[in-house]
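Hi there,

Here is the structure I promised to pass on to you. Have a look at it first, and then read on for what turned up.

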Amino acid sequence: MTPKRELQIAYSLIIVFLFVGFISYAAFPAKTPDEPIRLMYKTVAGKVLFDHKIHLSDSGYGLACQDCHHHPEEPEELEEALVACGECHKVLEEGKTFPDSCLDCHEAEDLEDSEVMKKSDAFHSQCESCHQEVDAGPEEERCSWCHVM
Amino acid sequence: MLNQKKLIVSHAPFWHDGSSITVRSYHTMLAALPAALFGIFTYGMPALGVVSLSISFAIIWELLINKVTQRTVSIGDGNAALIGLLFAMLLPATSPWWMVATGTFVAVVIGKHIYGGIGGNPFNPVLIGVAILMVAWKDYFDFNEALVNYDLRFAMVYPLAAAKHLGTSGIEAFSTAGLLLGQHSGGIGATFGLGLILGGIYLIIRGFIRWEISVSFLAGVFVTALLFHMSDPSLYAGPVFHLLTGYTLIGAFFLATEDSSSPVNFIPMLIYGAGAGVMTVLIRNIGTYVDGVVFAILLMNLINPICDKIRPKALGKVV
């Protein structure tokens, strides 16, 4: 192979792969599925990998959506208004008493006295109570049952 | 009669056998292709995007640095394309484009051209790129997090993370055959064990890489993992698991064997390979990082010049 031919190959590689790469990134971006498969919760105590699909599927633990997504309470409303836990249970900006997502359905004046449990408390109570019910841990003081990653 | 020429001897070399850096680079890419294609089929278009962009960016960076430093354009030797391919094979399929661009820049410019180009680099350029990205954006290199939206036909938890955090109870879902056939999550081109082994054997047979480095690296991983496993089987995964997960195989055949950052003599090659293997398992089992291959090989790159001091005595030397 002559040096000229080698250069031609290299230039061709640039053009072809740049084109394919650009098309792949632009036309086929990594999609987030409507129903999560796994979720990675990042916390100061170590990341928690939550397998949403196993908890939901019949071959897994077969939980109903409402078992965790408790608000709104009516099942028919739930179908339309299923929201991620972190939409409501999150660290609020200073001066706010409820998250903005509440305003999607409620009026601000209806929410004046409401209090939303903070994210870490909500997750700890939700996960722990259910896990202890089915005898699946965590033991007392064992953060590493979940905070492992 | 006395002046008759019976034998004419010219200066060496007598004949060029046709081998060149270009042939070597493209054959190494060919050897890596089964594993890379497997990754693309497994992870789909995002993986194709990462691999394509990485190869093209690596060549572009090399072309630019050639122009800036006013040196001969060296992209024809295929080494930049090889760096791009190997770099992409270590990344998760969901790596953003800017990370690919940054990583290839670090690999080609900082890993290779700052030291004077091919043959002058003390470290493997691909590993320099990956190591800097791993330290800078570690969440993107957390395969559990990066591949969180993938639902493939096998257990999707990253095997090395499961072994590190949960012990052997966390890796029961992985069989040796499954690991060989790429049924585990990881870098785009780092999971298909069988493809990497076949590629490595091809490179060894063709003489492009030295078997001493690959074999001693794998032996280092095997023996160290075996000792850990024997000390506490519930805490430390077995040696075969360590051989087939993470970057072990791609490290043994494609990364540790890079020319200018690895030794040339027999004993030094064994020390270098085995040292990297031992360090890999030490980092995995008692270190902070989930996979130790990148830092283990870089560390052995560092002692490579000292290793090469062990060499045969010069012919005729008395002392």
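Predicted model: local features only at pLDDT ≥ 70, side-chain atom pairs only at ≥ 80, totals over all residues.

Let's begin inside chain B. Which way do helix 1 and helix 9 of chain B run relative to each other, roughly parallel or roughly antiparallel? The axes of helix 1 (residues 21-43) and helix 9 (residues 193-206) of chain B cross at roughly 170 degrees and come within 8 Å. Since that angle is over 145 degrees, the two helices are therefore roughly antiparallel.

You can find the contact by its residues. On helix 1 of chain B, look for B:H27, B:T28, B:A31, B:A32, B:P34, B:A35 and B:F38. They meet B:G195, B:L196, B:L198, B:G199, B:Y202, B:L203 and B:R206 on helix 9 of chain B. Sorted by class, this contact has nine nonpolar, four polar and one charged residues.

Next, the place where the chains touch. Here 25 residues of chain A are in contact with 26 residues of chain B. On the side of chain A, helix 1 (3-27) and strand 1 (39-41) are the elements that give two or more residues. Helix 1 of chain A gives the most, with twelve residues. By class, that side of chain A has 19 nonpolar, three polar and three charged residues.

Finally, chain A itself is divided into domain 1 (1-30) and domain 2 (39-145). Taken over C-alpha atoms, the centres of these two domains are 46 Å apart.

Enjoy exploring!

How values were computed: Residues numbered from 1 in each chain as written. Chains lettered and ligands numbered in written order. Domains from an automatic or database assignment. Contact = placed C-beta atoms within 7 Å. Helix = DSSP H or I, 4+ residues; strand = E, 2+ residues; numbered from the N terminus. Nonpolar A, V, L, I, M, F, W, Y, C, P; charged D, E, K, R; others polar. Axes fitted to C-alpha atoms, helices over the stretch in contact; angles between N-to-C directions. Parallel < 35°, antiparallel > 145°, perpendicular 65-115°, else oblique.
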